[in-house]
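Q: Could we go through this structure feature by feature, with the general idea behind each term set out before the case at hand?

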Amino acid sequence: MRLRRIALVAALLLAGSQAPAQAGGRRGIELERLDRGLVAAATSEGVFLSWRLLGPEATGHSTTGLTSAAFQVYRDGRRIATVTDSTNYLDRAGTATSKYQVAPVHGGRSATATPWPSNHVDLPLNKPGDIYSANDMSVGDVDGDGQYEYIVKWDPSNSKDVSQVGYTGNVYIDAYELDGTQLYRIDLGVNIRAGAHYTQFLVYDFDGDGRSEMMFKTAPGTRITRYRPDGSVASSKYITMPAADLKAGYRNTDDYRMSAADYYEHLVRMFEGWREHPEVVAGHWPATVEAALGLAPGYGDARALVDYFIDVYAPARSTRNALRNFEGFIVDGPEYLTVFEGATGRELQTVHYKPGRTDDGLMWGDYAMARIEPGNRVDRFLSGVAYLDGRHPSAIFARGYYTRTTIIAYGWNGHRLTENWYVDSGWVPMTNPFNDSPHGRDGTNPEFATITTQGDHSLSVADVDGDGKQEIVYGSATIDNDGSLLYSSFDTLPAGSAAPGDYVRLGHGDAMHVTDIDPDRPGLEIFTAHEGATYAPYGMAMRDAATGEVLFGAYSGRDTGRAMIGDVRPDIPGIENWASLPGGSEALGLHKATGEVLGTAIPGTNQSIRWAGDGTTQILNGAIDVTPTINDWTRGLVLTASGTLANNGTKGTASLIADIFGDWREELLLRTTDSSAIRIYLSTELTGHKLYTLMHDPQYRVEVARQQTTYNQPSYPSFYLASDTDWAKVPLRRF
């Protein structure tokens, strides 16, 4: 560890900074050793420059930001300015050929930057094929040089939601330098389905050696291709399957995708083995398939029962149950978690994914409701990064949130994974796996029974109780840093709901935002949307992050699918919040941080971005074939991202929004319309606020790592950041 601390100080000095001593000599949190991140962009008024203030460089507070050593700006080797109150500068005399450096007073100069021709630059991509589009992204310093590399997930045009029938193409994950140099490509193979719910990829320096690793779910057939600098293939090999799986006959050439005929035979085997199922043996489920389907004894053999189930029973429950067409899913075969070296893609370790699927979703409730959807609830995956001990990052992987809910935390020491803890709600009891209502019902694990149906299509990580260690905000429940249950949020159903007076879960939702929303309250808040309709006490709710208590909310009685927060009204204290039904068909109103309604008109709900210099929040709009824009609620349109598209259908999210270089504002990363490149947009609006890079706030950094997870949510810092920030309350960083 001493060597790592020496390396950290050296890296900061190279970046042009003095690393302050730790308060009391206490070793702090492990965060990336970044360089100055200087970037220059030509504008109509001159050349705009922006650079990083590193976390340990901030020494105090002023009325407009943080304080640190002043920065000197150099053009073509000559000092042209000294900047004290920010980390940006407009050089009105700059030209397209100017070369810039910056340095703190008495510190070393940064690397040289030459101006971009405009406010954006393209990162060239190697497109796998015509049916592919660049999708979600992440960043990490994979080679330890203080600069970020770019990880891109490729989705085929036949990518599916987990509930949709059909085959998909393979998913690819690429690693690039900013100039487009491709380091490697990982082909997940035919046994990982393409879609938002299947591949949650983490990019982070888990072992503290200054270089990021990558972790995600793999399967037989996952292949790593490494490239030379000239683009030629250096090597190509499958991941290493566990010896027990090889002995059992599994191979990397296996194909577990299920055809319609395969699924029919799968049901035959299920029905033939019905009496041996543990739930049947225990007396929890009907003793025969006939009894489960409401048939008289002796209806027929397994095939007759399957025909009845597919052609009569299932369509009678819902006209959408066309099980003869069920194909393309993977409900069998090994499932793995693999750790990859970030710089080369080299496989470091492969283990079995925990927990395994057990079955095709029968135990998870996929057959129990009117919509029969094998492979649905069983294959809901999430991931994140958390500083559970307040110092070292752990990888978080999860499976399930409608019924059985599981979360596991791993540490990585550079050689092997170590399980920190494992959370499992246990199975949700059902009286009949073909006809029941498993949502909103407790699991069988005494401690974690109430976390079922509480998870969202994403998760957040934050130190909600102020102990210096981060918790997992799993939708409407929160897991403490030690893996115990901190709370699971319930409230009373109101008049007009399905069961007025009942005390029920807040339940599942599609959007969640965790930060200090109300600066006049101690601690953090959680703002969420909920889709339980008349069975949910709220369509949107604001909670105390430490206790899960609802501070205010609005009942909708309908699936409320979208919610967002942001300082869109700088004349109002606190961060505003709003929600709408899917498609924006009806808004629940724009609210103050304290809950008072400001009006019925609301900003968009796709994604937020910190783009302006005054600390207000802007909104990314545009989805499917609509050109993305950034809009300010009071000023209107501030950017049209011509020649680009947003991702993820109607969600309209960017590939990534994060503070990847420059000052504390966020960059916008979008795919070009043909996915030949990722276009990176930089805000060139001057700011008079001085703040360390948001990537040196632990909550924001792990939020960026989880941004790619399922339904992408914005990343938030651990402190109140808005147009009325009290800078004296912004934490100083020592690591």
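**Reading the features**

A: Let us begin with F661, which lies in the loop between strand 43 (656-658) and strand 44 (667-672), where helices (H or I, at least four residues) and strands (E, at least two) are DSSP runs, numbered from the N terminus. This is a predicted model, in which local features need pLDDT of at least 70 and side-chain atom pairs count only at pLDDT 80 or more, whereas totals for chains, interfaces and linings use all residues. Residues are numbered from 1 along each chain as its sequence is written, and side-chain values use heavy atoms, with hydrogens and water left out.

Q: Is F661 buried or exposed, and with which residues is F661 in contact?

A: Buried means under 20% relative accessible area and exposed over 50%, with partly exposed in between (1.4 Å probe, protein chains only); F661 counts as buried because its relative accessibility is 8%. Contact means heavy atoms within 4.5 Å, and, leaving aside neighbours within four places in sequence, F661 is in contact with G37, V39, R52, W116, Y150, E667, I680 and L682.

Q: How many aromatic pairs does a search of the whole structure find?

A: Rings of Phe, Tyr and Trp (its six-membered ring) pair if their centres lie within 6.5 Å, and planes under 30 degrees apart count as stacked, over 60 as edge-to-face and the rest as tilted. A search of the whole structure finds 24 aromatic pairs. F309 and F434 form a tilted pair, with 5.3 Å from centre to centre and 55 degrees between the planes. This pair links distant parts of the chain, since F309 is in helix 6 (residues 302-317) and F434 in the loop between strand 23 (417-424) and strand 24 (460-462), 125 residues apart.

Q: Which charged residues sit over a ring?

A: A charge sits over a ring if NZ of Lys or CZ of Arg is within 6 Å of the ring centre and within 35 degrees of the ring normal. K217 lies over the face of Y353, at 5.9 Å from the ring centre, and the charged end of R404 sits over the ring of W427, 4.4 Å from its centre.

Q: How many salt bridges does a search of the whole structure find, and where is the one between D91 and R75?

A: Side chains of opposite charge can pair when their charged atoms come close. The criterion for a salt bridge is a side-chain nitrogen of Lys or Arg within 4 Å of a carboxyl oxygen of Asp or Glu, and a search of the whole structure finds 33 salt bridges. D91 forms one with R75, the closest N and O atoms being 2.8 Å apart. The pair links distant parts of the chain, with D91 in strand 7 (residues 88-91) and R75 in strand 5 (residues 71-75), 16 residues apart. D91 is buried, with a relative accessible area of 3%, and R75 counts as buried at 15%.

Q: How do R441 and D436 meet?

A: The side chains of R441 and D436 meet in a salt bridge of 3.0 Å, N to O; R441 is partly exposed because its relative accessible area is 27%, whereas D436, at 12%, counts as buried. A network of salt bridges links K217, E335, R357, D379 and R399.

Q: Which residue stands opposite K217 in strand 18, and what is the strand order of the open sheet?

A: Strands of a sheet pair through backbone hydrogen bonds, either parallel or antiparallel. Two strands are taken to pair if DSSP finds at least two bridges between them. The open sheet of four strands has the order 14-15-18-19, with antiparallel pairing, and its edge strands, strand 14 (202-204) and strand 19, each pair on one side only. Strand 15 (residues 213-218) and strand 18 (residues 336-341) pair in the antiparallel sense over six bridges, and K217 stands opposite L337 in strand 18.
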